[in-house]
Amino acid sequence: MATPAHHPSELTAPALRRAFGAYPTGVVAIGALRGGEPVGFAASSFVSISLEPPMVAISVARTSTTWPRLAGAPVLGLSVLSRGQGELCRKLAARAGDRFDGTPWQSTADGAVLIHDAALWLTARVGPVYDGGDHEIVLLELLTAELFPAVEPLVFHTSQFRELTPHA
């Protein structure tokens, strides 16, 4: 059987964005209180790193104006967004406006901001930061985890929000 001709794309930023979009991801809201107000953003570049010690990583664009405000927070809240929170995700990813307006959230005693109705809450401390080209790779040392097993996560794939469907 002959295989179809393969024509790889040139490695331009738009081509890579489309290619990486073929990989479905969850979306995490990262937030903390800064000056008594919630500050945060949405990230789809979130990955588990280690169980012992418990660590995850996020990738943050060097152009982010929000990350410098969060990087020095004592503790960050990470909320794995749930199905139906796509609009919230877009608001958290916006460059302007009140990202938390109309969004139910709570803060922990140490200032981590957690989004209500999420599929998972984590709290973490910022660990080492590594060069990742036009991004920084940030290791986060996990402190707590609270899973909401009945809540379906938000899935981002090909620039759209998707829903999981269980196999029959």
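1. Let's start with threonine 103. In this predicted model, threonine 103 sits in the loop that runs between α3 (86-93) and β7 (105-107). Is threonine 103 buried or exposed? Its relative accessible area is 11%, so threonine 103 counts as buried, the cut-off being under 20%. Setting aside neighbours within four places in sequence, threonine 103 is in contact with Leu88, Lys91 and Ile115.

2. Serine 64 is another loop residue to look up, placed between β5 (55-61) and α2 (67-70). With a relative accessible area of 18%, serine 64 is also under the 20% cut-off, so it goes down as buried. What lies 2.9 Å from a polar atom of the serine 64 side chain? That would be the backbone nitrogen of tryptophan 67.

3. Now aspartate 117, in the loop between β8 (113-115) and β9 (120-132). Here the relative accessible area comes to 56%, and because exposed means over 50%, aspartate 117 is classed as exposed. Have a look at its backbone too: phi is positive, about 70°, although aspartate 117 is not a glycine.

4. There's a cis peptide bond to check as well. It runs from glutamate 52 to proline 53, with omega near 0°. Proline 53 itself belongs to the loop between β4 (46-50) and β5. As background for this point and the previous one, most residues other than glycine have a negative phi, and most peptide bonds are trans.

5. Stepping back to the whole chain: the protein has 3 helices and 12 strands. Its radius of gyration is 17 Å, close to the 15 Å that the globule rule gives for 168 residues, so the protein is as compact as a globular protein of that length. If you'd like a box to picture, the C-alpha atoms fill one of roughly 65 × 40 × 40 Å along the principal axes.

6. Take the contacts between residues at least 6 apart in sequence, and 62% of them join residues at least 24 apart.

7. Last, the surface and the charges. The protein exposes about 10400 Å², with carbon and sulfur atoms supplying 57% of that area. On the charge side there are 12 positive and 15 negative charges, and the mean positions of the two sets are 7 Å apart.

Key
Residues are numbered from 1 along each chain as its sequence is written. This is a predicted model: local features need pLDDT of at least 70, side-chain atom pairs count only at pLDDT 80 or more; totals for chains, interfaces and linings use all residues. Side-chain values use heavy atoms; hydrogens and water are left out. Helices (H or I, at least four residues) and strands (E, at least two) are DSSP runs, numbered from the N terminus. The radius of gyration is taken over C-alpha atoms; the globule rule is 2.2 Å times the number of residues to the power 0.38. Contact means heavy atoms within 4.5 Å. Accessible areas come from the Shrake-Rupley method with a 1.4 Å probe; for residues, only the protein chains shown count as cover. Lys and Arg count as positive and Asp and Glu as negative; His and the chain ends are not counted. The place of a charge is taken as NZ of Lys, CZ of Arg, CG of Asp or CD of Glu. Buried means under 20% relative accessible area, exposed over 50%, partly exposed in between (1.4 Å probe, protein chains only). A polar contact is a pair of N or O atoms within 3.5 Å; within protein, one must be able to donate a hydrogen and the other to accept it, and residues adjacent in sequence count only if both atoms are side-chain atoms.
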